[in-house]
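Let's take a walk through a protein model together.

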Amino acid sequence: MGGNSRKFKRAEKSKIKLKGAKLPKGTNVTKTNFKVRKIVLPDQIKQRNLGDAAVLSSRSLTVKDCLAKLKQSNQASKLDGLRGLREILAKLPSEVTENHLSTAVKSIASLTIDEEREVRRDSYKTLGLLFAAAQQENVLPFFDILLSFLRCAMTHIQPRVQEDALLLLDTYLQYLPRLVLLNRDKIFPQFLDMISKLRSESKPERTLTVTLNKQTTSTRWRTRVLMRLIGMLRILINHKKSGGESGAKDLQKTDQTEAMETDDTSNPFTTAAFQDSFETLKVNNMFDYKADVHYPLIRHKLHQTCPLGSLFRKSLGEGKLTLADQVDEGGKLKTYVQMLMPLLFESWLEVRPNSSESSEHVLTHEAAITLGMLLDISILLWELVVCYDKETNGPHLTQWFRSQYGADFGSHILKGFPYYQSPGAKNRSKTTGLPDEVKERNVDEKCYQQNFNICYLYCCLNENFRSDQTNKHYDKVTSYVERCVSNWKFRSPEIAAQLLKVLRFMLLETESSALSLGINQNTRALLKTLLEVYIQSKLPQDTRNRILILFCDIIVLNDRLWREYGQEIFTLWLRMLPNLLRKPVVDFAVLKALLCLAKQRNGIFLQSLEENVDGIVDNLKKIQVVNEQYRNEGLILLINLLFWIGRKEVLEQLLQKDRVQQMGLEDGVRDYFRKTLKIRLLSL
């Protein structure tokens, strides 16, 4: 080290040193004889700066710039591109949907399986805005791409991507419900794979899987998946009950045409069916008197061609599914039920308390939420089965459903009925790590929603529940419902509506085989209790109207059922009904129910109507009919109700000139009143 420093010092001393030297004159002057060129901007940047600011994001990015940023590997660039697209969609959605829809769908959908969680969540938000702006018909050509990314996310190797796949499915369900409905057979297998696996490749039965990862328990993860299943089933139920919209039918034609070419008919989840079943016959509108004329025996959906495969297939019983059943909608629905119902029972057995029978009905908050979702899914599956049997005019699938799962429902679910929530369970659930969407499901301490669903589903799964005299399960159900009716103090209108749904099914809905066996004492006692509560208790007006309509339907829709209950039960109630027409406000649905009683010529009701006719006519100018669709529609129903008065002297008194003028009605309503009563007088 020392030798090197000496060498450095010697080298420094040997350098030539200029002392007092100065630079020549003029060498330190700045030169100004250089040339300047103009900065020319590209046309694209020029257009972006001078164009409309609505097509730019807050960072002056166009749609193409935002889409280009999505293809970069940097997370910040991807987020910047997604946020820029959302800003442009909020200001000018047509710029994206008309010119860049195809590129935008592909680029944004590719980020739904990105490794970064923030990028995935932002892509879901952007897709939602894009779907809302583009509408379902425009997204249809690109739905196969969206569906492939959804299925890839559902089966992804990373658990976090699988969890976020539920949020992507939420986006599809919210903005593209019809497309999800038409492609449900492609989504359903991967959907079930998230919580279960096949027991064997040859059977549709499944078994529950273990936890998804160490941070999420199997119960919480299964709860999140089942909530999306409820959403899918509700969309399907609404579509079935509404008969399908025209737009959905057009989309279905396109989807079926594509499925014919690619789907495998041996797969029970495919939407393809026999080509002959979908082809419609050409109708010849020219009448040929020589041709044979066929009259249909069943007047149900006469405008549709009946496929031969549906006519000659065997009844849906137990055993291996045939190829025709797999392709047919009923066979697919049966396959879904066979997969789901055992999973629901297993999920309940996993969270059901294992204590003694005395405290078995006490549930934790997590168990109460799980039970509520399992019952919701079971009821939706039952409603799908009922809709299918109505379409095919046969009870094959409902009978199979009852025989297959009625006994399991009684042994697993009704064992600890009725259920209650343990004290303080709802507060303790805040620290259990339940998902936010699960916590939003309110569960009261007495578990009314779960218990009423159990009552409803039990009656659905037991055909002769109303006539069975020795059924212990039905005794528990009727005693619980009667106890709730006697103490009718529900704060939530949803709970009251659910109880009315149960009462309507237990007291009114009936099948021919069940009615032929009579009515047991428990059902008759429940009806008497409901009548007493209606007459004596101060219930909300909406609840009173719905109970009144239920009683009217029992009398009008099934005369034999009314006689089985006993006509003396309804005597006092029928005499009270005309008093409703003397009140200042009446519901339109109540008027329709009273008119049905009058058309049936119920003697007790018509006698009471004649006794109160003066007060009813005087109240015509004051009464207000709520929930009427058109102006004076309620008054027309009231006048039609007075048409059924059978005494001439009463009608003649109402038609007096001074009496009609004192009513204070409009000219058109007053003329209709006179014509209607005059026609009645001529008919007597």
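What follows is a short tour of a helix, some cavities, the cysteines and a few salt bridges.

## Before we start

Keep in mind that this is a predicted model. Residue numbers count from 1 along the chain as its sequence is written.

Let's begin with helix H27, which runs over residues 521-536 and so has 16 residues. From its first C-alpha to its last it reaches 22 Å, close to the 22 Å expected at 1.5 Å a residue.

Which residues of H27 are buried? The list is Thr523, Arg524, Leu526, Leu527, Thr529, Leu530, Leu531, Val533 and Tyr534. A handy bit of background goes with this: an α-helix has 3.6 residues a turn, so residues three or four places apart point the same way.

## The largest cavity

How many cavities of 30 Å³ or more turn up in a search of the whole structure? The search finds 4. The largest cavity has a volume of about 170 Å³, and 16 residues line it. If you want to jump to its centre, look for Arg184, Phe188, Met232, Leu233 and Leu236, which lie nearest to that point.

Several helices give two or more residues to this lining: H11 (177-182), H12 (184-193), H13 (218-242), H18 (329-351) and H19 (365-392). The largest share, 5 residues, comes from H13. What sort of residues line the largest cavity? By class, 14 are nonpolar and 2 are charged, with no polar ones.

## The second largest cavity

Next comes the second largest cavity, which holds about 120 Å³ of space. Its lining is made of Arg184, Asp185, Leu236, Lys240, Glu329, Lys332, Leu333, Tyr336, Leu384 and Tyr388.

Helices H12, H13, H18 and H19 each supply at least two residues to the lining of the second largest cavity. H18 gives the most, with 4 residues. By class, this lining divides into 5 nonpolar and 5 charged residues, and no polar ones.

Take cysteine 455: its nearest cysteine sulfur belongs to cysteine 459 and is 6.9 Å away. A disulfide needs the two sulfur atoms within 2.5 Å, and cysteine 455 is in no disulfide.

Cysteine 455 is buried, with a relative accessible area of 0%. Cysteine 152, on the other hand, counts as partly exposed at 32% relative accessibility.

The structure holds 16 salt bridges. Start with aspartate 122, whose side chain meets that of arginine 83 at 3.5 Å, N to O. This pair links distant parts of the chain, with aspartate 122 in helix H7 (residues 117-134) and arginine 83 in helix H4 (residues 75-91), 39 residues apart. Buried or exposed, how does aspartate 122 count? Aspartate 122 counts as buried because its relative accessibility is 6%, under the 20% cut-off. Arginine 83 is partly exposed, at 37%.

Aspartate 122 also has a salt bridge with arginine 86, at 3.4 Å, N to O. Arginine 86 lies in helix H4 and aspartate 122 in helix H7, so this pair ties together parts that are 36 residues apart in sequence. Arginine 86 is buried, with a relative accessible area of 17%. Salt bridges that share partners join Arg83, Arg86, Glu118 and Asp122 into one network.

## One more bridge, and a pair to find

Arginine 228 forms a salt bridge with aspartate 170, and the closest N and O atoms are 2.6 Å apart. Arginine 228 is in helix H13 and aspartate 170 in helix H10 (residues 159-175), 58 residues apart. Arginine 228 is buried at 4% relative accessible area, while aspartate 170 counts as partly exposed at 28%.

Last stop: glutamate 137, found in helix H8 (residues 136-139). Glutamate 137 is partly exposed, with a relative accessible area of 42%. The C-alpha atoms of glutamate 137 and arginine 178 are separated by 9.7 Å, with the two residues 41 apart along the chain.

Terms used. This is a predicted model: local features need pLDDT of at least 70, side-chain atom pairs count only at pLDDT 80 or more; totals for chains, interfaces and linings use all residues. Side-chain values use heavy atoms; hydrogens and water are left out. The expected span of a helix is 1.5 Å times one less than its number of residues. Buried means under 20% relative accessible area, exposed over 50%, partly exposed in between (1.4 Å probe, protein chains only). On a 1 Å grid over the protein atoms alone, a cavity is a set of points where a 1.4 Å probe fits but cannot get out, and a pocket is an open set with protein on both sides within 12 Å along at least five of seven lines; lining residues have an atom within 4 Å of a point. Grid points are joined across faces, edges and corners, and a volume is the space filled by probe spheres set on the points. Ala, Val, Leu, Ile, Met, Phe, Trp, Tyr, Cys and Pro count as nonpolar, Asp, Glu, Lys and Arg as charged, and the others, Gly among them, as polar. A salt bridge is a side-chain nitrogen of Lys or Arg within 4 Å of a carboxyl oxygen of Asp or Glu.
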